[in-house]
Amino acid sequence: MEKRIELERRARKANQITELNLDNCRSTSIVGLTDEYTALETLSLINVGLTTLKGFPKLPNLKKLELSDNRISNGLNYLTTSPRLQYLNLSGNKIKDLETLKPLEEFKNLAVLDLFNNDATQVENYREKIFKMLPSLSFLDGFDCNDEEAQSEGDDDEEDDKDDVSGYDDGDSDESDDEDNGDVSLSEVYNDDLEEDNSDWEEGEGGDDDEDEDSDIDEADGEPNESTASVNANEKDAEKPAEESQARGKKRKHDG
């Protein structure tokens, strides 16, 4: 345990440490933890193998103490040197009767106590007797005196998420209200522009068809269009040299 404490300190002074986690460091008793840790508020000693609390230091500012999954059967009086204790977890230990819990009456601010998986919880009217013994207690084994479950930190996060989702829905609702009141949305403006573009395109395409139809009508009526007139002119130009050649031949024959 001493080596683990030194590691957790990380070169800090003992009176500067407010939280200390010594879970799973094997020891049957408290070793290396001294009265120097005057600022300590949270101490965790889960699954250490403790059989006794003898040597527990004086920690005047300790508020939360985790002692679950050890082999503690008595000696809770050694904790009274930490009078400001508000949270104490003794679940998974060897406490067999309510008499062993009597020293906890000294803690006037104790609000949360966990004794789950101890033989003492099998005592008749166990919960009623504990709440009567410790008037300051709000929750015993995760439930209050009315058997209402304590709200965990995870439940608080879920409530916050629900509030966020609710706020998002309100935004959607506001948008719907704006549309109902006659406000024009961006999607409507976009659709109007798209319809106008389609209309212009159809008119332009229709105009080309009309020109083709007019050309077909002109040909049907026998009136040549511009391309036909050009072809006829070229044919006439080709005929002129032939006529001139024939005329010169006739002249030579006449002269001979």
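Analyst: A contact here means heavy atoms within 4.5 Å. By that rule, residues 24 or more positions apart make 37% of the protein's contacts with a separation of 6 or more. This is a predicted model, where local features need pLDDT of at least 70 and side-chain atom pairs pLDDT 80 or more, while totals for chains, interfaces and linings use all residues. Residues are numbered from 1 along each chain as its sequence is written, and side-chain values use heavy atoms, with hydrogens and water left out.

User: What makes Asn 93 count as buried?

Analyst: Its relative accessible area is 5%, and buried means under 20% (exposed is over 50%, partly exposed in between; 1.4 Å probe, protein chains only). So Asn 93 qualifies as buried. Asn 93 is in the loop between β4 (87-89) and β5 (112-114). Leaving out residues up to four places away in sequence, Asn 93 touches Leu 67, Ser 68, Asp 69, Asn 70, Arg 71, Ile 72, Asn 117 and Asn 118.

User: And what does the side chain of Asn 93 reach at 3.4 Å?

Analyst: The backbone nitrogen of Asn 70. A polar atom of that Asn 93 side chain also lies 3.4 Å from the backbone oxygen of Ser 91.

User: How do you know that the buried residues of α1 are on the same side?

Analyst: Helix α1 spans residues 2-9, and its buried residues are Ile 5, Glu 8 and Arg 9. They cover an arc of only 105° around the axis, which puts them on the same side of α1; the arc is taken from the directions from the helix axis to the C-beta atoms. The face turned away carries the exposed Lys 3, Glu 6 and Leu 7. What covers the buried residues of α1 includes β1 (19-21). Just after α1, Arg 10 has a positive phi of about 55°.

User: Why is Lys 64 said to lie over the face of Tyr 87?

Analyst: Lys 64 is 4.9 Å from the ring centre of Tyr 87, and a charge sits over a ring if NZ of Lys or CZ of Arg is within 6 Å of the centre and within 35 degrees of the ring normal. So the distance passes, and Lys 64 does lie over the face.

Conventions. Helix = DSSP H or I, 4+ residues; strand = E, 2+ residues; numbered from the N terminus. Polar contact = N/O pair within 3.5 Å; in protein donor to acceptor, adjacent residues only side chain to side chain.
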